[in-house]
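Work through the exercises below with the structure in view. Each task is followed by its solution in steps.

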Amino acid sequence: MAGGMDVNKNKFIEDWNSARENLEHNFRWTRRNLAIVGIFGIAVPVLIYKGIVRDFHMQDEDAGRPPRKFIF
């Protein structure tokens, strides 16, 4: 190393990095993982979208316009 600065490896950080690099080999689908994907990957985005669309429809109603068309 430059200037004689040796690096002391931390075992815990090295273990975490190894697990992170091999995550796709060690991952298993469980009921908990499916629930997390269902909630944060599907339900939350749909609820946010529905809230935004409802807000736009309320604005249209207040302005006396017909409601705009969206995906859902």
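**Exercise 1.** Which residues form a nonpolar patch on the surface, and about how much accessible area do they have together?

Solution. The model is a predicted one. The patch consists of I36, I39, F40, V44, I48 and I52. Together these residues have about 540 Å² of accessible area. Take I52 as a check: it lies in helix α3 (residues 31-63). Patch members need over 30% relative accessible area, and I52, with 45%, is partly exposed.

**Exercise 2.** Classify the ring pair of F27 and W29.

Solution. The search for aromatic pairs gives a count of 2. The ring centres of F27 and W29 are 5.1 Å apart, and the planes stand at 85°. Planes over 60 degrees apart count as edge-to-face, so F27 and W29 form an edge-to-face pair. As for accessibility, F27 is partly exposed at 41%, while W29 is exposed at 56%.

**Exercise 3.** How many salt bridges does the whole structure have, and which residues are linked in a network?

Solution. The search finds 3 salt bridges. One joins D15 and K11, with 3.0 Å from N to O. These two residues are 4 apart in helix α1 (residues 11-21), or about one helical turn. D15 is partly exposed at 41%, and K11 is exposed at 56%.

Next, consider D60. Its side chain meets R65 at 3.0 Å and R68 at 3.1 Å. Within it, D60 is buried, with a relative accessible area of 1%, whereas R65 is partly exposed at 45% and R68 is partly exposed at 36%.

Methods. Residues are numbered from 1 along each chain as its sequence is written. This is a predicted model: local features need pLDDT of at least 70, side-chain atom pairs count only at pLDDT 80 or more; totals for chains, interfaces and linings use all residues. Side-chain values use heavy atoms; hydrogens and water are left out. Rings of Phe, Tyr and Trp (its six-membered ring) pair if their centres lie within 6.5 Å; planes under 30 degrees apart count as stacked, over 60 as edge-to-face and the rest as tilted. Buried means under 20% relative accessible area, exposed over 50%, partly exposed in between (1.4 Å probe, protein chains only). Patches are made of residues with over 30% relative accessible area and no salt bridge: like charges are joined within 9 Å, nonpolar side chains (Val, Leu, Ile, Met, Phe, Trp, Tyr) within 5 Å. Accessible areas come from the Shrake-Rupley method with a 1.4 Å probe; for residues, only the protein chains shown count as cover. A salt bridge is a side-chain nitrogen of Lys or Arg within 4 Å of a carboxyl oxygen of Asp or Glu.
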